[in-house]
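Please open the model in your viewer and keep the selection tool at hand.

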Amino acid sequence: MTVASTRPPVRPPRGDGALAALFVAPAMLGFLVFLLWPTLRGVYLSFTRFNLLTPAEWVGLDNYVRMVNDPIFWDSLTVTVEYVAINIAVQTVAALAIAVLLQRLTQSAVLRGIVLTPYLMSNVVAGIVWLWILDTQLGIGNEIVAGLGFDRIPFLADETWAIPTIALINVWRHVGYTALLLFAGLQAIPNDMYEAAKVDGASEGRMFWRITMPLLRPVLAVVLIMTVIGSFQVFDTVAVTTSGGPANATNVLQFYIYGSAFGRFQFGYASAMSVALLVVLSAITFLQYRLTRAGHTDLG
Amino acid sequence: MTTPTTMTAPAPTPTPAKTAVRPLRRGPSLGRIAAWAVMAAIVLVTLLPFYWILRTALSTNAGLAADPANPLPVHPTMGGFERALGLQSTKEAIAQGGAGGSLDFWRYLLNSVVVSTLITGCQIFFSAMAAYAFARLRWRGRDTVFGLFLAGLMVPAIFTLLPNFVLIKQLGLVDNLLGIALPTMFMTPFAVFFLRQFFMNIPREVEEAALLDGAGKVRVFFRVLLPMASTPVLTLAILTYITAWNDYFWPLMVSYSDSSRVLTVALAIFRAQTPQTGVDWSGLMAATLIAALPMLVLFGCFARRIVSSVGFTGIK
């Protein structure tokens with residue numbers, strides 16, 4: 001056995017080709033059929049007129065021309081961006097606050113568990129529950145608003161309130177998950193740094209800006225990219241709370257795409273809008289990656 | 001199933017990088033008190049809706065209208081649950097503020113279980129096989145193929161949904177549980193990536209010992225490596241199960257009738273069936289609770305694992 005410890009690790013015999021093919025086959029099938037092929041097909045369909053019943057008919061850029069001239073498309077893009085902006089801003093700040101509190105106050109796994117519970121609910125459940133809590137007449141949320149002496153707020157039935165409300169409902173569901181991702185990032189920061197800073201008399205605030213933020217940046221960047229991509233695809237909450245209303249005020253892009261495809265059977269047009277969404281998401285990912293220098297870490 | 005006796009090496013469990021971070025102990029300063037107050041507020045906002053579901057589900061609709069701010073169930077009753085589970089006669093249901101439409105919750109529950117189990121079981125098994133091939137087998141084009149899989153991570157779900165629906169329709173699997181499960185049944189790039197990481201970290205010696213004992217590679221995978229990977233596999237399985245259970249958009253596209261309706265979709269329909277008199281909030285909250293309960297139970301069983309896995313599976 002003395003030999004065993006010094007020799008370089010023995011490579012398995014070359015050429016597991018046949019076996020590898022067998023092992024990769026099911027995943028490969030899934031990849032080709034349900035990921036690669038649909039991606040290519042989605043691009044193709046965006047250049048066609050297609051209603052599921054008759055074969056797709058090539059129409060060139062018609063769908064894209066229509067999209068550019070479709071005020072509802074631009075409205076829904078605006079609404080989506082508004083949603084994403086509110087959702088991301090609130091969620092990131094809140095998640096960061098929760099993560100830092102979890103790290104600096106306590107290591108309690110129970111608290112971490114509690115913070116994660118809304119994540120176990122589906123968006124549908126979260127949407128329905130908040131619909132009830134915020135109900136204008138009977139919801140406890142509005143009872144509190146009224147109790148404080150304000151007018152009741154039709155949170156989900158009002159054009160101004162609807163999008164912020166949906167954004168906050170989704171923050172409620174997702175903030176714990178995001179916080180735990182950031183918490184994991186915080187755990188990688190050596191505690192010595194805080195100890196040293198404390199010896200130097202640094203305040204918690206100073207430590208946050210000088211240690212936590214710079215060292216967390218790479219993780220924060222990845223989490224941001226992830227949550228932006230996720231929140232651009234908002235659908236479930238809208239579908240169960242407002243169905244795009246009132247007056248298209250919550251007609252987010254994915255809801256409009258769904259409506260075009262399954263409400264009006266314009267699969268070609270819906271595909272073109274999906275391509276647009278894909279382009280937007282890719283651009284954002286790329287930009288964010290560059291801006292936050294996600295590849296670099298300050299941690300040795 | 002017996003594990004080979006040569007397998008004495010302890011399974012390398014991938015523990016999340018834990019530097020012993022301890023909270024800095026200080027006296028009860030004003031800052032700490034404020035911080036705890038904020039934490040308490042966060043916990044309250046997080047948990048209160050759960051209580052409110054329960055409180056509403058146990059109330060009567062008439063009671064809710066009469067006393068909306070009562071912190072306790074108003075006129076406690078199981079009527080909401082009976083309506084959600086379809087145990088009330090139509091007449092009775094309408095009298096209590098329900099829509100009177102029939103909803104077969106047990107059916108939807110079963111559908112959800114079937115779909116989520118099918119997706120989780122198959123996806124993780126096939127992904128583990130692929131991950132093993134990417135991590136431990138030597139074959140031409142391996143890195144290229146893996147790169148292709150990784151690129152799949154970049155494609156947002158929305159983009160493949162419409163073409164996938166067209167495909168499922170052409171396969172004749174619309175309104176079929178298999179049609180709901182199929183797109184994610186074979187793999188997700190993430191699952192392959194995640195398990196490959198784990199297989200890469202198992203020392204070669206473990207595998208070699210079994211090979212020297214005359215076991216084939218297939219046997220090594222099933223009898224040695226897969227059992228060693230039980231921790232990451234279970235972790236991934238739980239997260240996959242939660243995701244599959246909560247999915248709404250794809251099942252909504254594919255299912256049209258009770259035969260393939262899963263809980264999330266059924267719940268949205270229950271919500272849409274507004275009776276003349278106003279929304280059946282107590283029935284709706286009871287249904288919501290029933291839909292969420294299995295995940296809460298799952299969480300109860302695996303809380304610690306789920307919580308630590310979120311950091312470890314990291315960036316999904």
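Begin by selecting Leu131(A), which touches Leu156(A), Val240(A), Thr241(A), Arg271(B) and Trp281(B), leaving aside residues up to four places away in sequence; contact here means heavy atoms within 4.5 Å. The model is predicted, so local features need pLDDT of at least 70 and side-chain atom pairs count only at pLDDT 80 or more, while totals for chains, interfaces and linings use all residues. Residues are numbered from 1 along each chain as its sequence is written, chains are lettered from A and ligands numbered from 1 in the order in which they are written, and side-chain values use heavy atoms, with hydrogens and water left out.

Leu131(A) lies in helix α6 (residues 123-133) of chain A; helices are DSSP runs of H or I with at least four residues, numbered from the N terminus. Is Leu131(A) buried or exposed? Its relative accessibility is 11%, so Leu131(A) counts as buried (buried is under 20% relative accessible area, exposed over 50%, partly exposed in between, with a 1.4 Å probe and protein chains only).

Next, display the contact between the chains, which takes 102 residues from chain A and 97 residues from chain B. The area buried between chain A and chain B is about 9100 Å², with 77% of it given by carbon and sulfur atoms; buried area is the accessible area (1.4 Å probe) that two parts lose on being put together, summed over both. Highlight Phe23(A), Phe34(A) and Trp132(A), which supply 10% of the area that chain A buries against chain B, more than any other three residues.

Now select Asp16(A) and Lys217(B). They form a salt bridge whose closest N and O atoms are 3.0 Å apart; the term requires a side-chain nitrogen of Lys or Arg within 4 Å of a carboxyl oxygen of Asp or Glu. Across this interface the rule finds one salt bridge. Move on to helix α2 (residues 17-45) of chain A, which gives the most to the side of chain A that touches chain B, with 22 residues.

Finally, select Arg152(A) and Glu143(A), whose side chains meet in a salt bridge at 3.1 Å, N to O. Arg152(A) is partly exposed at 32% relative accessibility, whereas Glu143(A), at 18%, counts as buried. Over all chains, the count comes to nine salt bridges.

Methods: Helix = DSSP H or I, 4+ residues; strand = E, 2+ residues; numbered from the N terminus.
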